[in-house]
Amino acid sequence: MLQVGKMKIQLKLYGSSKMLSDKEILLIELPNNSNIEKLRSVLNQIINEKYLKKHLQNLSKTAAFFSSADEVITDNYKLKNKELISIIPPIGGG
């Protein structure tokens, strides 16, 4: 049950972020009026709790987030309850 003052967002996982869940979408509970910066902080906590630090060490800092309209959203973007957001980890190569 959703607590007062809380909201849930749906985070669609791509690339290495799929390590966070065995599902395509991760539900994340955040305080009301949260923004992408707060989501990054909560993601960092999830990575630490799941012992994925060595695999996803910089994910919360370096990933790009996209709205359901496929627009890049910045850290001060205000999230809405039940909103679908995509996380795209940086792609390395050489």
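In which sense do strand E3 (residues 64-66) and strand E5 (residues 84-88) pair, and over how many bridges? They pair in the antiparallel sense, over three bridges. The model is predicted: local features need pLDDT of at least 70, side-chain atom pairs count only at pLDDT 80 or more, and totals for chains, interfaces and linings use all residues. Residues are numbered from 1 along each chain as its sequence is written, and side-chain values use heavy atoms, without hydrogens and water.

**View 1. The sheet is open and has five strands.** The order is E2-E1-E5-E3-E4, with mixed pairing. E2 and strand E4 (72-73) are the edge strands; each pairs on one side only. Helix H1 (residues 36-49) packs on the sheet and touches strand E1 (6-13), E2, E3, E4 and E5. The direction of H1 makes about 115° with that of E2. Axes are lines fitted to C-alpha atoms, for helices over the stretch in contact; angles run from 0 to 180 degrees between N-to-C directions. Strands (E, at least two residues) and helices (H or I, at least four) are DSSP runs, numbered from the N terminus. Two strands pair if DSSP finds at least two bridges between them.

**View 2. Bridges link E1 to E2 and to E5.** E1 and E2 run antiparallel, joined by seven bridges. Here lysine 8 has glutamate 29 of E2 as its bridge partner. E1 and E5 run parallel, joined by four bridges. Leucine 11 has isoleucine 85 of E5 as its partner. In E5, serine 86 stands opposite phenylalanine 66.

**View 3. Serine 67 sits in the loop between E3 and E4.** Serine 67 counts as buried because its relative accessibility is 7%. Buried means under 20% relative accessible area, exposed over 50%, partly exposed in between (1.4 Å probe, protein chains only). Neighbours within four places in sequence aside, serine 67 is in contact with Ile73, Leu84 and Ile85. Contact means heavy atoms within 4.5 Å.

**View 4. Ile25, Leu27 and Leu84 form a nonpolar surface patch.** Together they have about 230 Å² of accessible area, by the Shrake-Rupley method with a 1.4 Å probe; for residues, only the protein chains shown count as cover. Patch residues have over 30% relative accessible area and no salt bridge; nonpolar side chains (Val, Leu, Ile, Met, Phe, Trp, Tyr) are joined within 5 Å, like charges within 9 Å. A salt bridge is a side-chain nitrogen of Lys or Arg within 4 Å of a carboxyl oxygen of Asp or Glu. Isoleucine 25 lies in strand E2 (residues 25-31) and is partly exposed, at 31% relative accessibility. Leucine 27, found in E2, is exposed at 56%.
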